[in-house]
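Here is a predicted model for a first look. Read the questions below with it in view.

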Amino acid sequence: MLDSPTIADAEFDALLRRLIELEQAHPELQSPDSPSQRVGGQVSSTFRAHRHLEPMLSLGNAFTPGEVAAWYERVAGLLGRRPPVMAEPKIDGLAISLTYDHGSFVTGATRGNGVEGEDVTPNLRTLHELPLRLRTDPPDLVEIRGEVYMPIAGFEQLNERRAADGQPLFANPRNSAAGSLRQLDPSVTKGRPLRLFTYALGALEGQSRPPTQSALLDQLRTWGQPVNDLIRAFPEITGLEAFLEEMLDRREHLPYEIDGVVIKVDDLAAQMELGFVGREPRWAIAFKFAPMQATTRLREIRVNIGRTGSLNPYAVLEPVRVGGVTVSQATLHNEQDIHRKDIRPGDRVIVHRAGDVIPQVVKPIVEDRTGDEQPFSLPDHCPSCGTLIVRREDEAMAYCPNPNCPARRYEQINHFVSQAGMDIRGLGSRLAAALLDRGLIHDVADLYRLTAGDLMQLPNIKEKSAENLLRAIDRSKERPFRSVVNALGIRFVGDQNAELLVAAFPDIERLRHATVADLRTVHGVGDRMAESVAEWFAEPRNQALIDRLIAAGLTMSTVGETPVDGPLAGTTFLLTGRLDDLSRGEAERQLLQLGARIAPGMSRAVDYLVVGADPGSKLKRAQELGTAVRDEAWLRRVLETRRLDEPATG
Ligand SMILES: [Zn+2]
């Protein structure tokens, strides 16, 4: 049966409930790798200490490729030969040790001091990537070492959600990974996008140790453990320096943060021969990248008016090198955050940069204060238009309420034409300001009425560049609906949240009439975002703007959006219900990237209905139509393998 689901979610839930009941009645039957153990639910008041069977290593550091080369020459001298090495990106997360007893995952602990860590087993069990059983040929006992981390996208999405909920933000992916793993309630950990890479063994009983680090990584893969695919083998040090450079370049673009490269002598016999100095192995070294954090002085706090009218304080810093880039400004989020962290103008502060994100001020160094530093407060009046600033009790933000505020209009245009929005190339912020100043445009819809004559009134705009600009404006009409929704600049609706919205409301008619209650049914849409979206569309001026954008010919629906060429081209998906592992928006974005179409609703055009928890009427309709119904595990496999891997029979 090619088209039948393996198991419906409702059925799975019922089975799981039955299993939990059984296990509660007969605790002696509960096995540590039972599916019920993924669900969490136990709340502990403190973490138990866990003594590692074999201590977790600490590595010597090298800060230049020259120091790595010197280490290699030392090793070669001691061995009397030039050994092959393995180079592994050093993931900036939390080191952990996983103990498997006869193949069953029994304990997971943090590194701690290397000898003793914290037992975070229930939390680690919620990681989908962590196999609860080793797949093949398990030893009697093994400690597997790895790193739990949070991908940058997951970190940003988490912070976007926390900002919308008025919760304090995480400073960087590493902190959010550590904070998420060390939760007293495992169900909180389960909701966090934590990932895992494994790369080493501690204690091992009942099986011989793989003879090389490469064989060890293969063994981990065979057991079903996630292993980083950027790891490279080198027959000797030649080529390693180029690899270090490559990793430094790629660092900014990887989906997770790395803070260096670990180099290990590949051969186990050679490792034993080289031995340790204290707890540091002679056979390995960590090449550390320039840190993404630095200390500098906060010269002053300035305020910028955002497109929604929000007052956005930012830090003007004494320029400082952070992760190889000079930083002179950093975001400060909002006034509450400044007060919570007690950041004051004149402070020495720690600045952090994460990937391509705007640098952030993490915290002040209070010990360095002279005593003259005064707490910061926002101005009472808008620095652009002088209107009295409004503060909402329930929100961390302060606003300029004037919809005609020049600063707001300017930011709205800039946001609208930005890459994540309508992507109108050539319409930079200076040009936007000039258009507004001369009254050639008043809002974003006016962009679509501009003529060559209008543009040529501006200094430095000749016929050719006017034509190019008009063409770019025209092309923006083909931007997908998701980008249009993002470009509107609704508070709390960034790129990620726009995806969630268009997945649930695939055309503008549905979206513009959605009530707060409608919006709240969408997984991932919190109360604040639901209210903000409904409020935005309730504004008659915004409804009129939408009418003008429709008339201008912008894409106002996901239907018929040109599919990308890709392995899933020609297939149409529909997702319903709540997914565990990734948001529906994110899943749909990945499917679109692979060339699939996302249907606006259930119809015969749908090839696959992917069903999450609590599916609605779509499942019933799919069953009537005989549409293929699939579960989240299947979807995950499709996204991972990038193809529809159908069994020949089933
Ligand atoms: Zn203003």
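**Contacts, cores and zinc**

Q: Which residues does L427 touch, not counting residues up to four places away in sequence?
A: In this predicted model, local features need pLDDT of at least 70 and side-chain atom pairs 80 or more, while totals use all residues. Numbering starts from 1 along each chain, and side-chain values use heavy atoms, without hydrogens and water. Counted as contacts (heavy atoms within 4.5 Å), the residues that L427 touches are V417, A432, L435, L447, L469 and I473.

Q: How many residues are in the largest nonpolar core?
A: A nonpolar core joins buried Ala, Val, Leu, Ile, Met, Phe, Trp, Tyr and Cys through side-chain atoms within 4.5 Å. In the largest one, F416, L427, L435, L447 and Y448 have the most contacts inside the core. The number of residues in this core is 54.

Q: Which residues are included in the second, separate core?
A: This second core has 33 residues. It includes I96, L130, L196 and L201.

Q: What share of the contacts with a separation of 6 or more joins residues 24 or more positions apart?
A: The protein chain has 650 residues, and 49% of them are buried (under 20% relative accessible area, 1.4 Å probe). Among its contacts with a separation of 6 or more, the share from residues 24 or more positions apart is 68%.

Q: Which residues coordinate the zinc ion?
A: The donor residues follow the spacing C-x2-C-x14-C-x4-C in sequence. Two of them are buried: C400 has 1% relative accessibility, and C405 has a relative accessible area of 0%. At 2.2 to 2.3 Å, with donors being N, O and S atoms within 2.8 Å, the zinc ion is coordinated through SG atoms of C382, C385, C400 and C405.

Technical notes. Buried means under 20% relative accessible area, exposed over 50%, partly exposed in between (1.4 Å probe, protein chains only). Donors are N, O and S atoms within 2.8 Å of the metal (3.2 Å for Na, K and Ca); water is not among the atoms, so sites may look incomplete.
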